[in-house]
Amino acid sequence: MYDIIIVGAGVNGCFIARTLAKYKLNILVIEKESDVGDGTSAANSAIVHSGYDPHTGTLKAELNVLGNKMYPEICKELDVSFKMNGSLTISTNEEEDKKLDELLALGKANGAEVRIVDRDELLKMEPFVTKKALRALYAPTAGIINPFELCVALMENAMDNGVSLHLNEKVLKVEKKDDFIVKTDKGEYSAKVVINCAGLYGDDVSNSLLDEKIKLVPRKGEYYLLDHFNEPYVTHTLFSVPSSKGKGVLVAPTTSGNYLVGPSSNFIDDKDDVSTNNEILTDVVKEAYRIVDNIPMQYVITEFAGLRAYHESNDFVINEKLKGFINVIGMQSPGLASAPATASKVASMVARDIELVEREDYNPIRRPYIRLKYKSNEEKNKMIKENPLFGKIICRCEEVSEGEIIDAIHRNCGATTVKGLKKRLRTGFGKCQGGFCQSLILKILARELNKDMKDITLKGEASYILLKETKGE
Amino acid sequence: MEKNYEALYDIVVIGGGSAGLAAAISSYDSGIKNVLLLEKEAYLGGILNQCVHNGFGLHTFKEELTGPEYAERFIDELKKRDIEVRLEATVLEITKDKEIEYSDTLGYHKIKAKAIICACGCSERTRGQIRTPGDRCSGVMTAGLAQRYLNVEGYLVGKKVFILGSGDIGLIMARRMTLEGAKVLGVAELMPYSNGLNRNIVQCLNDFNIPLYLSHTVKRIIGKNRLEKIVICEVDDKLNFVPRTDKEFEVDTLLLSVGLIPYNPLLEKIGVAMHPKTRGPLVDSDYQTSIPGIFACGNGLHVHDLVDFVTNESKKVGECAAKYVLENGFDASKVLTVTPLNGIGYILPGKVYLKDEGTIKFNFRVNKPFKDVSIIAKLNGEEIKRTKKPYLLPAEMVEYILDMKLLKEGELTLEVSND
């Protein structure tokens, strides 16, 4: 019997788990994928929006502005890469320029910090913006974050404080008896409160219990990811103004020094379809050229697509239609930026259902990941003397040692797959995309998890990498 | 000046593959007794270790060796000399002053060299770089990685295979995987001609009845978890998909053999001038990069067809670096720049320091296949040499030798002419 079961370990499930871990509760998180934050949370713009563009009065507007303010401290506690780099929404013609004033008014009404910068100031702030730029809406509190690290860190910290996590387990339905019964493909659990953070499948989970049916539609966004490179490039998050010409895209740095160009936005049918499409990506680049004059496409290392769960209200759906069953769905953009505030809101809803008593031993601090790359030569040397495996570089594109990899495996919410390690440490994220290091990584994962190399997968389930052993047969 | 490094070497060679081994040996033999070789893996030989097929060394040893055998010959030679070797030692930084930071299981080290030879090899072009659309499933990997899994780790990556790109590693893997019991359904090549050596087309595809689809590419990758299917289609002369030419293949593996790119983050980080075509550093006739005393050779400089060519070049680079150390630099008073014109994709070196005698060897690749043509060399606009060639292929590097006596300061151009 659990006090709380959270369905889904995306950024919202993870945030809620970590927020509720403060209290004396028995919490289980159930996730169908092989890792936390593998769905929408793994493939997005990685932006902590300031909150200037949702319509005033919506949950999106309220939670975005609040969430934005909460991030700096949380990222410090959890050692998650976060940078308040500021966003610039750029107008390049009269129509867009008019829209900029509307956005300014909206931002002020939402309580977001915004101001207009003229062309001269804009070009000084961001020399890589298009020379056609007229003005921009500047949101200094907008930030960039590493969403992979965020989900992992939240869940690790939640688990450090007693939360249980079941991966590779799919919730099939929720029933209401005296308590709630959560049925999965592996078993049955009862709980006093169920929180539905099942992302794109949140409608299925909700519909399995409630009479009032809802529908979530996947909306796909496709991106190009550029490698880090030595020449200077954009430092702010640059948005184009949504206009009759297009819905707007961004060109933005990431916390790891890469750059994102995207996304597209298209409704699709298949909730698992994260395939990319050439024509769409070509349009994305065309869109992006509205706000910059140069996109160094020679540095593209990969393209990817992510899905957002769209609800017809075009707002977040956070409700408790049946006491003890809380929906947190339709969390499309700015879902990431809003997530800390969403979790607080959900915690206050839970407090009406069960008594929340704070734990005396709650620890909000997560032990930082070991990253030698960012340490001084003396520190590196000292750490290698203590553990020689810190000196053995496995991923040379991103400079990751065997010691760091082992640490990322043997933690709460540790890595179990190739993609899991990539998300945590960036192994295989660089120029060679794992060409040099993947075999070494498979070997380390197999050894540390006490498995055969062929049982180590890319991202769980049937995503095997090696078919069979040839030697000795 | 305060000495803030552990040790000073005359020459530090980065990379212990075929290039680094040859360069270290030849710099030692050229009179440098203080040579350090740094290798990131636990063993020397580099990529040769996973190339278990034979065909290596025909030029160097007049016999056919496997990759590991070829490497062994050089490792044995290296061991006969007093050359210091560090294994599992990854270089993380070099500076313009030729300081080197590397990491190994003993610590984080900072050393200094009078000359550095970068022999860091190349990486394979990836799916991201050729932007193949579709799902992000497992079962799509570079041919070299599949080769490592098979030949070093002893694992087969799949049983129904398609190969994109007719690069040599892909062709070799088509045969290798067939011999291991996998079914290779075909090879698609974007260009209207193969990018691999002719002998590999014959011995690896034709001998096993594996079809080669020229002017074809992979249009879509399908598979939720593991690869399930690919769609290939024809491309026109502008490399655009031709409608209604789709062919589907149910495969669990797609190997990419779509080119190799010199791997030089160390050089790029310190602003060494790079060659837009080779993607390796620009070098002069002494194989020196734009930073004095930093040299490059092997597939880290430009991608070679045969390891024998890597060995030859690297031997020469070892000698140049030794000369640089012993003579405190080069005579750079008379300079000739070299420009590729019609038909030539790239030419190395791009800058020649003229000497009074001897010859200078250029390497170039054509940018498309040619038949019955001449190569014309012009010095400051005037033809100085014309060489007939029955055929020229992009997959085969051309060695082109000119007598120093023919050359003087100015610009040398090379072009292909249909006569």
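Two strands are said to pair if DSSP finds at least two bridges between them. Helices (H or I, at least four residues) and strands (E, at least two) are themselves DSSP runs, numbered from the N terminus. With that in hand, let us walk through the structure.

This is a predicted model, in which local features need pLDDT of at least 70 and side-chain atom pairs count only at pLDDT 80 or more, while totals for chains, interfaces and linings use all residues. Residues are numbered from 1 along each chain as its sequence is written, and chains are lettered from A and ligands numbered from 1 in the order in which they are written.

We start with chain B as a whole. Its secondary structure comes to eight helices and 28 strands. The radius of gyration of chain B is 22 Å, close to the 22 Å that the globule rule gives for 419 residues, so chain B is as compact as a globular protein of that length. Here the radius is taken over C-alpha atoms, and the rule is 2.2 Å times the number of residues to the power 0.38. Along its principal axes, the C-alpha trace of chain B spans about 65 × 60 × 40 Å. Of the 419 residues in chain B, 50% are buried. A residue is buried if 20 or more other C-beta atoms lie within 10 Å of its own, exposed if 12 or fewer, and partly exposed in between, with C-beta atoms placed from the backbone. Among contacts in chain B between residues at least 6 apart in sequence, 65% join residues at least 24 apart; two residues are in contact if their C-beta atoms, placed from the backbone, lie within 7 Å.

Next come the domains, whose bounds come from an automatic or database domain assignment. For chain B, the assignment gives domain 1 (8–123 + 261–327), domain 2 (126–258) and domain 3 (335–417). The C-alpha centres of domain 1 and domain 3 of chain B are separated by 26 Å. Where these two touch, domain 1 of chain B gives twelve residues and domain 3 of chain B gives eleven.

Strand S22 (residues 344–348) of chain B pairs with strand S24 (residues 359–366) of chain B in the antiparallel sense, over four bridges. In this pair, Ile344(B) stands opposite Val366(B) in S24(B). S24(B) also pairs with strand S27 (residues 398–403) of chain B, antiparallel and over six bridges, and here Lys361(B) stands opposite Ile401(B) in S27(B).

There is also an open sheet of five strands in chain B, with the order S23-S21-S28-S25-S26 and mixed pairing. Its edge strands are strand S23 (351–353) and strand S26 (382–392) of chain B, each of which pairs on one side only. Within this sheet, strand S25 (residues 370–379) and strand S28 (residues 410–417) of chain B pair in the antiparallel sense over six bridges, and Leu379(B) stands opposite Leu412(B) in S28(B).

Five bridges join S12(B) to strand S13 (residues 183–189) of chain B, and the two run parallel. Lys160(B) stands opposite Lys183(B) in S13(B).

Our last stop in chain B is helix H4 (residues 143–153), which is mostly covered, with eight of its eleven residues buried. Among them are Ala143(B), Leu145(B) and Tyr149(B). H4(B) is followed by Gly154(B), whose phi is positive, near 80°.

H4(B) also leads us to chain A. The contact between the chains takes 43 residues from chain B and 45 residues from chain A. On the side of chain B that touches chain A, the largest share, six residues, comes from H4(B). Chain A has its own domain assignment, with domain 1 (1–368) and domain 2 (372–455), and the C-alpha centres of these two lie 27 Å apart.
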